[in-house]
Amino acid sequence: MNWEIVIGLETHAQLSTSSKIFSGAATAFGAAPNTQACAVDIALPGVLPVLNRGAVERAIRFGLAVGARINPVSVFARKNYFYPDLPKGYQISQYELPVVEGGSLAIVVGDAPKTVRLTRAHLEEDAGKSLHEDFHGMSGIDLNRAGTPLLEIVTEPDMRSAAEAVAYARTLHALVTWIGICDGNMQEGSFRCDANVSVRPAGSDRLGTRCEIKNLNSFRFLERAIEFEARRQIEIIEDGGTIRQETRLYDPDRDETRSMRSKEEAHDYRYFPDPDLLPLAVSDEWIARVRGEMPELPQAKRERFVAQYALTPYDATALTASRETADYFEAAAGGADPRVAKQVANWITVNLTARLNEAGIDISASRIAPGQLRGLVDRIADGTISGKIAKDVFDAIWAGEGSADEVIEKRGLRQVSDAGAIEKIVDEVIAANAQQVADYRAGKEKAFNSLVGQVMKASKGRANPQQVNEILRRRLVS
Amino acid sequence: MLNLTVKQLAAGLAARQFSSAELTSFFLSRIKAMQPALNAFITVDEEASLAAAREADRRLAGGQGGPLTGVPIAHKDIFCTRGWLTTCGSKILSNFVAPYDAHVIERFRDAGTVILGKTNMDEFAMGSSNETSFYGPVRNPWNRETVPGGSSGGSAAAVAARLAPAATATDTGGSIRQPAALTGICGLKPTYGLVSRYGMIAFASSLDQGGPMARTAEDLALLLGAMAGFDARDSTSLERPAEDYTRELARPLAGLRIGLPKEFFAAGTDPDVARAVDAAIAEYRRLGCETVEVSLPNMKLSVPVYYVLAPAEASSNLARFDGVRYGWRAPEYADLADMYAKTRAQGFGAEVKRRILIGTYVLSHGYYDAYYIKAQRLRRLIAQDFVAAFRKCDVIMGPTSPSTAFRIGEKAADPVQMYLSDIFTIAVNLAGLPGMSIPCGFDGSGLPVGLQLIGNYFSEARMLNVAHQYQQATDWHARVPPGI
């Protein structure tokens, strides 16, 4: 039988506010345990939560970016359960009325475009961390992460393969970093996914029983976990078994998912509206203001790059992989004609990207500023240097030797386009290579290339190659 | 000094008739002497109090005193007080020294008042008799075999016995008004949101409100001025301009319309209480007030509604007391679940556990709609009854409590009987309205009776005027318990 895999994702994106969602404590990663937990985070008696407007604003930004509805009123609820890293004994989250509802995300799987519908996105606080090592049989609690703002983004069960789920997750990751609401750092847990996976006979329109795989913090784990889980479910059903609804954990070392708790063991969270917080009201004015401050989104920017700079869709996609790359391109290509823009695009996607990868740094930390790259491309375009020499100039700029003009000047790399000067070199090369001249005249085209090489060498690579060709042919004919 | 009001004490301090240190020593020695008999305090720290008094004296000497500088005040042990043990009447917080001040404490410290001590209370403010305190019951100064009411029984007894000229308290379902009535003093529960809940240990967040206890309405006005005010740390705190709550005290009452809800005067109220309340209303008529009958048809639902909503919120609010980060932890346990179970089973008293169980139940899957949602709907109906009533009157009056102080142990075994002692006060919390209790007479055995005033939202200044004018014409509030 053919099986169809059905996947829905719940993603926790940590919002990039400098303080927590309900307290003034800092959210920076990596501080010594419990140094970023204030009275509210520790849940001392009598303290109260106060909502961070910055977190709400980021949720609004997300909602606008995915074409969702921003609810004018949403409600914070308490999700009650006991755990040592949950100081209040409840998590403040949005339950019945989330701040963002609906919307969708366009993804590309291979070459095929697809739309994934979003159910909702809601604000909530993160829990702390239990540490089970180094405490001699006891556990330590670090509450630095407690109260960190999260946006939980929930999809409809619209994905049909691990590849689609990964494409969605990557697109979402690019979007949340693009609009500046999340730093996207997956190692630090700023972006993590739960996958709801079920299988059904191909063609069926009834959903199978799902299992939820928790806390997948890399795209590779997401892909592997879904693949394993789908295989596991199909095998059970084909062996005549039934799927039990449960929560599972992915073990990357053994590349398998393991049961964590069944539906029967699931907590009754006893959600109810948090009486310490008023309903969250988002006015039209607030939404309008956030809309006015929204950056151009990847899709729109891609389309504009194609229209404005005559880039290919391929280049436009590569240049909009991140907002920093796109900003770099625009800073370098500003006001350029399509020919120059195309060159700028090539230098970024090929040479600069390779260099950045080698150095392991981000484009925002590039050692060649956008203006410097443009200076280089301009000197190629106006014939000051050849494309070949340009690579050396690029290296020199990277090494900190200054602008393209400075490097060209200092190293004397200016292309020789003076016909008289080239003719003089050509004549010297013809005089010194009688055998190859004879070979050429006897019809051996290879000999011509050798003569060109001699001329270029004699000019230290600076002669304009096109002129060298013309003059050499003319001289050899006469 | 014994019978001087806050206002008179402040005047005496300003005129240098006595120092704050003298005043504070006077009350500290009274507290010490009466503690075995009344058990009104959980914590007293004479050194800290006297140091604060001396500091207040320096401020007064330097001419930097405010209207309350140097006045000693007792605080209910529900308010976190920096450097002071803050137990909320519970074993589970028996070792908790607060590292910060509640907003109310901060305000009183800023005003230059001196902390006399932390008063006894029902555990987590759950009780109407002060018998649920881990630190033992408080006794009523009028008759030590009877309860002082609750949950602010320690504050009420302290003010009634002249161990403190005034005290802070909190009111979730009547915990300021009912003990004020049972001990013959004045208590005010402000409009919800007027006094910040920051640092006030939560029982039922949507109902809890701090307020003052004192012997006169005028003192309440002074104290409320110090307590009330916007606090950004409490999202339910209301941003309103500061008010002088004494500004209307002298206003004549002619033309005031007093609403008398027929539900407050039905059978079930102790005849002595009814008689005293009727007499008080007659006095108001003499002062030129009109009375109109109003109806609060849904008030009869207030006790069941309250005992769904308050425990629901409490079950969640008290989840943080888990023995993990602070507070008392069971000495022996097998694993994490056992640590939680033993800590909470041994750390909480029976009434608190009863309410946590009720609250957990009503929020559970499958019961939530039938209990919690329904109770919220009824809560709105109860509030609407008051809105309708206030179209016909300026203030509502009736008894604060259906009976006078009952004997210690009398209702302890019957929670429903105990809950019914708040039948006249609970609706006010559900509606978020201001309510007040002032002394209006005595029953046949010499126990005080309280008159309840309920005002419209933010009408505290007017209510205080209504109470003050009555106290200009009567002296019930000035009576002293026997042997004090």
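In this predicted model, B:Gln35 comes out as partly exposed, because 15 other C-beta atoms sit within 10 Å of its own; a residue needs 20 or more such neighbours to count as buried, and 12 or fewer to count as exposed. Another residue of the chain, B:Ala125, lies 90 residues away from B:Gln35 along the sequence, and 20 Å separates the C-alpha atoms of the two.

Next comes the overall build of chain A. Chain A holds 16 helices along with 17 strands. Its radius of gyration works out at 31 Å, while the globule rule gives 23 Å for 478 residues; the value for chain A is well over that, so the chain is more spread out than a compact globule. Drawn along the principal axes, a box of roughly 95 × 55 × 55 Å takes in the C-alpha atoms of chain A. Out of its 478 residues, 40% count as buried. Looking at contacts within chain A between residues at least 6 apart in sequence, 68% of them link residues at least 24 apart.

Then there is the place where the two chains meet. Chain A puts 24 residues into the contact, and chain B puts in 34. On the side of chain A that touches chain B, helix H1 (39-42) and strand S4 (76-80) each provide at least two residues. Sorted by type, the residues on this side of chain A come to 16 nonpolar, three polar and five charged.

Note on methods: Residues are numbered from 1 along each chain as its sequence is written. Chains are lettered from A and ligands numbered from 1 in the order in which they are written. This is a predicted model: local features need pLDDT of at least 70, side-chain atom pairs count only at pLDDT 80 or more; totals for chains, interfaces and linings use all residues. Two residues are in contact if their C-beta atoms, placed from the backbone, lie within 7 Å. Helices (H or I, at least four residues) and strands (E, at least two) are DSSP runs, numbered from the N terminus. Ala, Val, Leu, Ile, Met, Phe, Trp, Tyr, Cys and Pro count as nonpolar, Asp, Glu, Lys and Arg as charged, and the others, Gly among them, as polar. The radius of gyration is taken over C-alpha atoms; the globule rule is 2.2 Å times the number of residues to the power 0.38.
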